[in-house]
Amino acid sequence: MQVTQELLSLDPFDFSEKAKQLFVKSFSEVADHHYRNNQYFRKLWQKHDITPGSINDEISVETAPSIMVNLFKEFDMSSVPENDVALVLTSSGTGGRKSKIFLNEGSLARVKRLAFNIHKALGMAEQEEANYLCFSYDPKHATDLGTSFTDDLLTSFTPRGEVFYTFMWDDKAQKFYFNEPGTLAALERFEESGKPVRILGLPAYLYRLLKSYPDLKFNFGNRSWLQTGGGWKSFADEEIPKETFRLFIEQRLGIPAQNVRDMFGMVEHGIPYVDCELGQLHIPNYARVFIRDPFTLKRVPDGTTGLIHFCCTYVDSYPSISLLTTDWGSVGQCSCKLGGFTLNVHGRAGNVKHKGCALTSIEMNL
Amino acid sequence: MTESRIEKAAALQLIQEGRKRSLEFQSIKIEKIIEVLHGVGNVWAEGSPYFVKALEVLSRELNFSKESIYQTLLLVPSLCDSAASVARIKAELGGLEALNDFVPTKTDGLFVKAQSRGVILHVAAGNVFLGCIDSLVNGFLTKSYSIVKLSERNHEFPALFADSISAVDTEGILKDKYKLVFWDRADKETEFAFKQNVDAIIAWGGESMVNSYRKDRGLQTQMIEHGPKISFQVVFADAFKERKFAEVARQAVIDVATFDQSACSSAQVLFLQDEVDQAAFGEALVTAFKKFPIAAGKMTEDDAVERLKELARGEYNEFILGGKLVSGSNFMLHFDPSPGLRLSPLNRSLIIKKFSNLKDLESQISPFKSYLQCCGVAGSIEAQKQLASLASQWGVTRVCGVGQMTSGKLGAPHDGEYLLRELLKWTTYER
């Protein structure tokens with residue numbers, strides 16, 4: 001993974017020809033690994049009459065066969081021996097089966113590195129210690145969840161002060177619960193400490209908490225950040241526009257609107273797509289995003305909505321380097337200084353009637 | 001009596017009005033109701049102005065092919081047919097008279113009367129557009145005042161049906177005994193008003209919808225649920241002793257292609273006994289799909305995604321687990337080597353699984369026990385009988401021949417219940 005290491009040494013938002021060509025080479029390199037070590041990947045590429053050696057430009061990356069995300073939820077798809085697996089991550093499983101993702105040491109190190117690089121480039125990695133409030137599961141009890149891994153990663157971009165997880169494990173009930181009193185106490189404690197605060201996780205819980213205490217106000221200051229991710233999940237009915245949410249947070253928590261950043265990520269595809277200061281999710285040079293027509297799988301023009309197809313190169317332990325998702329999205333552009341393209345995510349694709357249906361739940365548990 | 005958007009205050013008023021009309025309805029003889037209904041059916045004959053208009057409207061509103069809509073519209077007269085109504089009532093209630101008055105029973109001095117529950121809210125499903133009409137007809141035959149909540153994607157056709165009732169029903173027998181309504185999903189106040197105040201809710205549709213109507217009901221509000229169901233086919237090896245692959249395949253495809261698998265009784269999985277030559281039967285199925293006379297409907301983008309997921313699954317099975325995937329322009333066959341019943345992506349996608357014996361079959365379908373509906377079977381009479389006997393214990397509510405899953409016999413129960421009886425309660429008079 002020499003070329004991929006080289007790619008990760010570059011600025012994630014370097015879109016020079018040289019950097020872009022390095023991505024192509026890196027894709028070829030990681031494809032070669034999967035081709036040699038994953039039977040399904042190899043047969044898929046053979047069916048499409050393509051070899052890793054033929055990946056030599058952007059078009060060849062675009063036309064490389066993709067693997068649909070549901071396969072990672074239904075089958076164990078590893079490209080390394082079991083002994084080499086350092087961490088198994090599972091997705092949060094919202095409305096469906098959980099993906100099981102196998103990370104070896106190399107992939108783990110690379111995903112951490114690229115996440116750091118992206119956050120650093122966005123000005124979100126700093127030397128000053130910060131306290132963290134994570135709207136997610138206490139990792140002591142949820143070690144295999146992708147969201148916990150993400151939190152762990154996102155709390156590593158500054159020296160850590162206190163880290164408080166809002167979803168606590170109830171031993172008696174054997175389930176997680178939202179620790180509201182503990183969360184309120186942590187917010188007060190963090191404000192008193194004078195240190196910058198970083199709030200991470202699902203936006204709905206923070207929003208609902210603040211809405212239910214209209215008099216609650218904090219001033220965490222300009223060095224604090226709120227980084228949301230994971231969408232509004234089961235609170236979709238209460239979702240408010242991103243811009244309104246950013247202003248709401250500025251008013252209630254004293255965190256500047258430009259420091260409220262959303263992130264899109266998937267456990268199957270570890271590239272974090274993070275908001276710039278203008279609130280646009282940027283695509284780094286560590287990935288490619290193609291939008292496809294669900295009927296023909298042909299690429300649609302920029303700005304048109306279709307199925308999101310992600311390509312990346314950091315992972316050699318499972319073959320998700322060309323991943324067709326079940327999310328609707330489009331690609332656009334932004335006027336900020338980062339350059340490149342932006343990603344707009346428009347929600348889950350597939351039939352709603354199959355989601356939340358008892359029949360589907362049975363399938364999930366089989 | 002056309003459809004209208006409704007809000008809480010109007011909903012409460014409508015329920016009050018419904019109670020009055022329901023009382024009036026009790027004094028009308030069932031024979032008269034059947035006669036008027038039959039007249040409504042007559043104006044829906046093939047090629048009639050209502051038929052033609054409905055065909056045009058539904059072709060625009062729904063994704064089904066025009067041929068499929070045409071075939072379905074042909075069923076409207078039979079839904080309203082007087083002989084069919086009489087046969088259904090006789091099958092479910094023993095005779096018509098109990099709907100008019102007390103009738104003697106076999107017990108000396110015991111008389112019974114089938115009494116309407118009063119005001120019924122019908123929550124119609126959108127998957128089969130005749131569903132709301134069928135439910136409304138049941139309301140008429142039980143002398144219930146019906147409030148029909150329309151599905152989001154099916155408004156114009158019920159309005160046309162309402163128009164035909166008004167045109168035929170010059171005496172006012174049926175036309176003021178129902179109302180077609182709709183409200184926004186977010187309008188929980190209106191939904192709550194109905195749930196608290198109607199006498200019964202009959203809900204057809206998905207799990208989340210049924211759950212939402214279960215909650216917050218008034219103490220007197222009876223819940224009649226027809227939630228999500230899954231249906232499957234079983235083909236025994238001995239089916240081919242007297243019949244050819246082509247014949248069984250042709251019938252199997254009827255259960256899949258009719259309504260593009262959107263009915264609860266549509267086959268999603270076919271269990272094929274081990275001894276059967278899978279490749280040869282597969283070829284026969286492919287031919288049958290290609291020859292099926294009714295064109296497939298249009299898929300939505302979300303349907304296409306479900307299809308992509310199955311294609312990926314099929315490709316994986318083919319490369320790694322020895323499965324097989326055959327997809328054509330209007331069908332998909334997936335020979336899935338992993339055991340177990342599961343959902344198909346629909347739109348003429350049939351998943352084929354193997355089974356060795358009935359015990360094996362039971363283990364493959366048992367996780368779905370509470371959601372099983374129809375089992376279409378091809379095999380010797382002996383095999384069919386044996387399966388029917390066991391399937392009823394497994395939770396299957398209907399066993400029929402392959403090819404008959406999406407049709408049904410008059411007077412047969414649906415989802416294990418007699419539909420007219422569900423809308424009635426029995427009053428006894430003991431002399």
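Is Phe167(A) buried or exposed? Phe167(A) is buried, at 8% relative accessible area (buried is under 20%, exposed over 50%, partly exposed in between; 1.4 Å probe, protein chains only). The model is predicted: local features need pLDDT of at least 70, side-chain atom pairs count only at pLDDT 80 or more, and totals for chains, interfaces and linings use all residues. Residues are numbered from 1 along each chain as its sequence is written, chains are lettered from A and ligands numbered from 1 in the order in which they are written, and side-chain values use heavy atoms, without hydrogens and water.

**Aromatic pairs**
- Over all chains there are 34 aromatic pairs (Phe, Tyr or six-membered Trp rings with centres within 6.5 Å; planes under 30 degrees apart are stacked, over 60 edge-to-face, the rest tilted).
- Phe167(A) and Phe178(A) make a tilted pair, with 5.5 Å between centres and 45 degrees between planes.
- This pair links strand β5 (residues 160-170) to strand β6 (residues 175-178) of chain A, 11 residues apart (DSSP runs numbered from the N terminus: helices are H or I, at least four residues; strands are E, at least two).
- Phe178(A) is partly exposed, at 23%.
- Trp183(B) and Phe194(B) are stacked, because their centres are 4.9 Å apart and their planes at 20 degrees.
- Trp183(B) is buried at 4% relative accessibility; Phe194(B) is buried at 0%.

**Cluster**
- One aromatic cluster includes Phe135(A), Tyr137(A), Phe167(A) and Phe178(A).

**Charges over rings**
- The charged end of Lys195(B) sits over the Tyr213(B) ring, 5.8 Å from its centre (NZ of Lys or CZ of Arg within 6 Å of the ring centre and within 35 degrees of the ring normal).
- Arg421(B) places its charged end over the Tyr418(B) ring, 4.7 Å from the centre.
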